[in-house]
Amino acid sequence: MNINFYYKLAKEKLFPLCRSLTGYGNVETLQILKKYEKFLKIKKFSSGKKVYDWTVPLEWRLKKAQVHDKFGKKIIDYKSNNLQVIGYSAPKKKIVNKKELLKNISTLSKQPNAIPYITSYYKKRWGFCLSQNKKNEINRKYDDQDKFKIVIDSKFVKGKLHYGEYIIKGKSSQEILISTYICHPSMANDNLSGIIVSMALISHFKKIKNLSKTIRFLFIPETIGSIAFIDKNLSTLKSNVVGGYNLCCIGDNRAHSMILTKYGNSLSDKSLFETYKKLKIKPKVFNFLSRGSDERQFNSPGVNLKIAGICRSKYGQYPEYHTSLDNFNLVSLTGLIGGFKVAKTAINNLIKKTIPISKVICEPQLGKRRLYPTLSKKNARYSEGIKLSDFLQYSDGQNDLEDIAKYIKVSKRDILRYKNVLLKKNLIIC
Ligand code: ZN
């Protein structure tokens, strides 16, 4: 299936689902995706599980979120737009007057046509969200003494937090991690665009024979999902991941943006800069201090996976962000194809890089492998052995072959020769 297919699927089937950190909307989203990529694994964490400093939350099950007026007419129903109820709203059944109803309706006065997207994951609240215009209409239409019936039929249960994982095995255990999130309801750039582009990337890369590196795709609820995933897989990720990208807001056609890893000099950053150059794109470059999505977790101390972010219009930087105006009028097929091309090329660049990683902690004993003179004396010919040792010092997963050649000041031909010697002696993996 190509990007056109996933664009239509997202527009018609995924957009209306009520996704959140947990719940039916997420499961349904993953099940729909699995229909088209049967090797997508749907995995889960149980509510209450401790993951580092966090706890996997209770599952939010929302059945109804409605307001009826005194004539029994439904004037708010989240089913007409999921954003109309605060995400993770606590249950509420109450008859209220107009003043109390209006007090519990959030709006955006500066964007009177837009419904805001509001969540309260970690503190129990309830409430509705409407456009300012709709709220004004309710205010105009009803008298102060009119009564309204509020019903938020929600439950918090010990359930599961679901996520999706798709692995395309390459020849090497070295791995590229591509992550996107599945926790936003009814918004197109901030959420569905990442899913669409990831699915199109899966269909593209799974067809490539003899892929030199493994690619792992994640579809997880933001923050708690990535934290739980890292908690479960840290040692595998740390030994295998050589770079990757968080895909987020990657479907409008107004800009190309990237979020650098912490020091802006990782192989993920480098591959992405090479991509923009090749595609003749001038991106907006944001440093790590502008982070906001799961690059926050992947680059944390102790995790250090050096995952950069790829966006079109970056989250928080476009007026429709976190409102009902972030829809498929904003996200277009052209925009998505632009995002897809950047991600595809950046992944390809990472795949093509030779990234030597030393297999030995501390210097290996080169002498016993006949790579270094065993007689230590003044003026001995150490130079070849020293270069091999230099090569190994920079084989820490942070450099490709080109970088190492620069650091240790040798030619392209020599660097290849050193690599082959160390590979043959089983001292590095590439
Ligand atoms: Zn968001």
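Author: Helix H2, residues 24-36, contains 13 residues and extends 19 Å from its first C-alpha to its last, close to the 18 Å expected at 1.5 Å a residue. That expected span is 1.5 Å times one less than the number of residues in the helix. Helices (H or I, at least four residues) and strands (E, at least two) are DSSP runs numbered from the N terminus. The model is predicted, with local features requiring pLDDT of at least 70 and side-chain atom pairs counting only at pLDDT 80 or more, while totals for chains, interfaces and linings use all residues. Residues are numbered from 1 along each chain as its sequence is written, and side-chain values use heavy atoms, with hydrogens and water left out.

Within H2, the buried residues are Gly-25, Asn-26, Val-27, Thr-29, Leu-30, Ile-32 and Leu-33. Here buried means under 20% relative accessible area, exposed means over 50%, and partly exposed lies in between, with a 1.4 Å probe and protein chains only. The cover over these buried residues includes helix H1, strand E1 (41-46), strand E10 (160-168), helix H5 and strand E12. Contact, in this account, means heavy atoms within 4.5 Å.

Two of the covering elements, H1 and H5, also pack against each other. H5 spans residues 188-205, has 18 residues and reaches 24 Å from first to last C-alpha, close to the 26 Å expected at 1.5 Å a residue. Of the 18 residues of H5, 17 are buried, so this helix is largely enclosed by the rest of the structure. H1 (residues 3-14) packs with H5 at an angle of about 145°, and their axes are 9 Å apart. The axes are lines fitted to C-alpha atoms, for helices over the stretch in contact, and the angles run from 0 to 180 degrees between N-to-C directions. The crossing of H1 past H5 is right-handed; a crossing is right-handed if the near helix is turned clockwise from the far one by less than a right angle, and left-handed if anticlockwise. On the H1 side, Ile-3, Tyr-6, Tyr-7, Ala-10 and Leu-14 meet Leu-192, Ile-195, Ile-196, Val-197, Met-199, Ala-200 and Ser-203 of H5. The residues of this contact divide into 11 nonpolar, 1 polar and no charged. In that division, Ala, Val, Leu, Ile, Met, Phe, Trp, Tyr, Cys and Pro count as nonpolar, Asp, Glu, Lys and Arg as charged, and the others, Gly among them, as polar.

Asn-210 is found in the loop between H5 and E12 (214-220). Its phi is near 55°, a positive value in a residue other than glycine. Most residues other than glycine have a negative phi. At 64% relative accessibility, Asn-210 counts as exposed. Cys-249 likewise has a positive phi, about 50°, although it is not a glycine. Cys-249 lies in the loop between strand E13 (241-247) and strand E14 (257-259), and at 0% relative accessibility it counts as buried.

The cysteines may be taken next. A disulfide is a covalent bond between the sulfur atoms of two cysteines; the criterion applied is a pair of cysteine sulfur atoms within 2.5 Å. The structure holds 0 disulfides. Cys-129 is in none, and the nearest cysteine sulfur, that of Cys-18, is 12 Å away. With a relative accessible area of 0%, Cys-129 is buried. For Cys-311, the closest cysteine sulfur is in Cys-248, at 5.0 Å, which is too far for a bond. Cys-311 is also buried, at 1% relative accessibility.

For the setting as a whole, the chain has 12 helices and 18 strands. Its C-alpha trace spans about 100 × 45 × 40 Å along the principal axes. Buried residues make up 56% of the 430 residues. Among contacts with a separation of 6 or more, residues 24 or more positions apart account for 81%.
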